[in-house]
Amino acid sequence: MTTLPWGRRYLMCPPVHFGVLYEINPWMHREVRVDPTKARAEWDGLVRTLRDAGAEVELLDPVEGLPDLVFTANAGVVNGRQFVPARFRHPERAGEVPHDVDWFTSRGFTVDELPDDVHHEGAGDALPFRDVLLSGYRFRSDASSHAYLSRLTGAAVRSVELVDARMYHLDLTFCPLDDRRAIVAPDGWDSYGRRVVEALVPEPLVLDVDEALSFCANSVVVDRTIVMPMCPPRVGRQLEAWGFEVAVAPVGEFLKAGGGCRCLTLALDVHLGVLA
Amino acid sequence: MASELVEVEGHIIDSLILAKVLDVILDAGADYRMVDVDIGKTNVDASRARLEVTCDDDEALANLLEQLSIHGANRVTTADARLESCTIDGVLPAGFYSTTNLPTQVRLDGRWVDIENPEMDCAIVVRSDGRVRTEPMHRVHLGDQIVVGLDGVRVATPQRPRGANPFEFMSSEVSSEKPKELVVAQVADRMRATRADGRKILAVCGPAVIHTGAGPAIAAMVAGGWIDLLFAGNGFATHDIESNVLGTSLGVLLREGRPTEHGHANHLRVINEVRRHGSIARAVEAGFVTGGVMYECVTHGVPFVLGGSVRDDGPLPDVHANVIDAADAMRAALPGVGVALMLASTLHAIATGNLLPAGVETFCVDINQAVVTKLADRGSHQALGIVTDVGLFARELCDHLVS
């Protein structure tokens, strides 16, 4: 088996202005208070864990009034030196786009935009596996965005319909581990999507619905280290049996907003078309 | 029925999106027709499919389109048809849409409206009351709103007929080597079905019908209610009357097959006498004509249109000497026609073919295969050719229908 050729460099945004200020997924409840100190400590812990695993972390400046800017996975799709910014479904997050675009532009990325009338929420709904880009649709991204994404990046896109609102992004249901393995949560997909992933992943680690709802698919893979928000014992045993090292980085404050470790990071070293 | 064109593209085969879209359509009780599919050659290439989705009504269609859009199958945005005013009577705006004889719809204010009377080689006129009709060039008037360009016009593709009808048992469009009895029986069946549906049967007859001795068979079919409308020329009507008044067709005795002395003038004498009466109907009333196809038409109230030509003798008083008037008279008589029999007539068959909507089952009977081919080449694709002697065909058909 070959480790993932990407996942060693990430963009993250410190949780200076993070909070649950609106409700755009079933996890968000404005009456649930976020503890900023604890959130910052968890975020710092995640950065440390990623760096310990060998990853580089680059920073995006936080912006007041944009609490979800911390979830950089949704900023867009990275392909080499190309950046396709997200088109957010909810207006609450649309304000993040100019800040994401500024960051990538200032670092010499080419920015290619999706049409105005289609939604796609970046790497949150698009994860490379082998020679394709698996992309979710329904809750946040439109199925029609996939053809545009393919046209802009040259990637072969496999569309998967998400059917459980609690798993509203693909990255809550799918986590590529290496060139043959991935953590998968089929309860999040329709029957066609399950068949697509079944055909794509030779050795899936299949989560049951409770494991999936613990956000354990929302993990970050750095070489052979899996950085997870939490790890059910069965999942941990399987990962270790496959030779991976599990590093749990608790991010409970961010789970209140419906985001785990993967949501807090955006891989910057993805090259679509020359995937694993 | 309501239908709309939708398009879905991307990696729709590998993602099973196309399969899902088709399943969604069928699960909704709707139907689809694949209009165009472009499948990527490698797994990196995207694919594209265009489907026409048909539902029972507008509401069901709207619901289905909403469901399909979730999976990325979106309505193909189509512009309304472009209209231009006629500025001169009888002259169309340059760039006018030229029609086919197929069922056609025009998009007006976002809705598809059926053309009332499909006819080839016409313009589409949108009337102030929202009705849409084809009109030939000479019948457009100053101020008429004419469809120009191709936008907002869609034509239904002719479908292969299914089920038991004569178009099915023929594998070729022109049949010269098929068992004729079977063909005749099938044509008779279609005529029965058409009459049972309350639609009309049109016969278009050339003079050879009389020359070959088939006149009595056609006359019996008119008398028996198997022909509701007759199109012909001066020649057919003249020889039909000649054969009943003098026993000859173009001077040849029909019973004996030999020419009569001075028989070449027989048809002129007959025309002259009918002209003296003022019309075929009056000649029948006066007892000058006592049998034949025209006689049966008059006595059974079956309308006929006789179109003139430049080589006509006389002509008979009923003949439209102005060909534009003749075509208009034929056009006016056509609504309700379900079957057309083109019997040994080249010019009138093609003229009629030009006027018929594609839905009219057309049987073209001629000894010459070229006539049949010519009809199809000119766009009457619905025509089934039967290459045989019209005299034998008509007699056999009559035997099937008239007991």
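# Exercises on a two-chain model

Of the 276 residues of chain A, 52% count as buried (buried means 20 or more other C-beta atoms within 10 Å of the residue's own, exposed means 12 or fewer, partly exposed lies in between, and C-beta atoms are placed from the backbone). This is a predicted model: local features need pLDDT of at least 70, side-chain atom pairs count only at pLDDT 80 or more, and totals for chains, interfaces and linings use all residues. Residues are numbered from 1 along each chain as its sequence is written, while chains are lettered from A and ligands numbered from 1 in the order in which they are written.

**Exercise 1.** Find the buried side of helix H3 of chain A.

*Solution.*
- Take helix H3 (residues 96-106); its buried residues are A:Glu96, A:Asp100 and A:Phe104. Helices (H or I, at least four residues) and strands (E, at least two) are DSSP runs, numbered from the N terminus.
- These residues cover an arc of only 60 degrees around the axis, so they sit on the same side of H3(A). The arc is that of the directions from the helix axis to the C-beta atoms.
- Now turn to the face away from the buried side: it carries the exposed residues A:Pro98, A:Thr105 and A:Ser106.
- What covers the buried residues includes strands S3 (76-79), S4 (82-85) and S5 (110-111) and helix H2 (91-94) of chain A.
- Just after H3(A), A:Gly108 has a positive phi of about 85 degrees.

**Exercise 2.** Describe how helices H6 and H10 of chain B pack.

*Solution.*
- Two packed helices are described by the angle between their axes and the distance between the axes.
- For H6 (residues 215-223) and H10 (residues 293-300) of chain B, the angle is about 10 degrees and the axes are 8 Å apart. Axes are lines fitted to C-alpha atoms, for helices over the stretch in contact, and angles run from 0 to 180 degrees between N-to-C directions.
- H6(B) is therefore roughly parallel to H10(B) (angles under 35 degrees count as roughly parallel).
- H6(B) brings B:Gly215, B:Ile218, B:Ala219, B:Val222 and B:Ala223 to the contact, and H10(B) brings B:Val293, B:Glu296, B:Cys297 and B:His300. Two residues are in contact if their C-beta atoms, placed from the backbone, lie within 7 Å.

**Exercise 3.** Classify B:Leu347 as buried, partly exposed or exposed.

*Solution.*
- Locate B:Leu347 in helix H12 (residues 347-355) of chain B.
- B:Leu347 has 13 other C-beta atoms within 10 Å, so B:Leu347 is partly exposed.
- B:Leu347 and B:Val204 are 143 residues apart in sequence, yet 9.9 Å apart in space, C-alpha to C-alpha.

Conventions
Angles under 35 degrees count as roughly parallel, over 145 as roughly antiparallel, 65 to 115 as roughly perpendicular and the rest as oblique.
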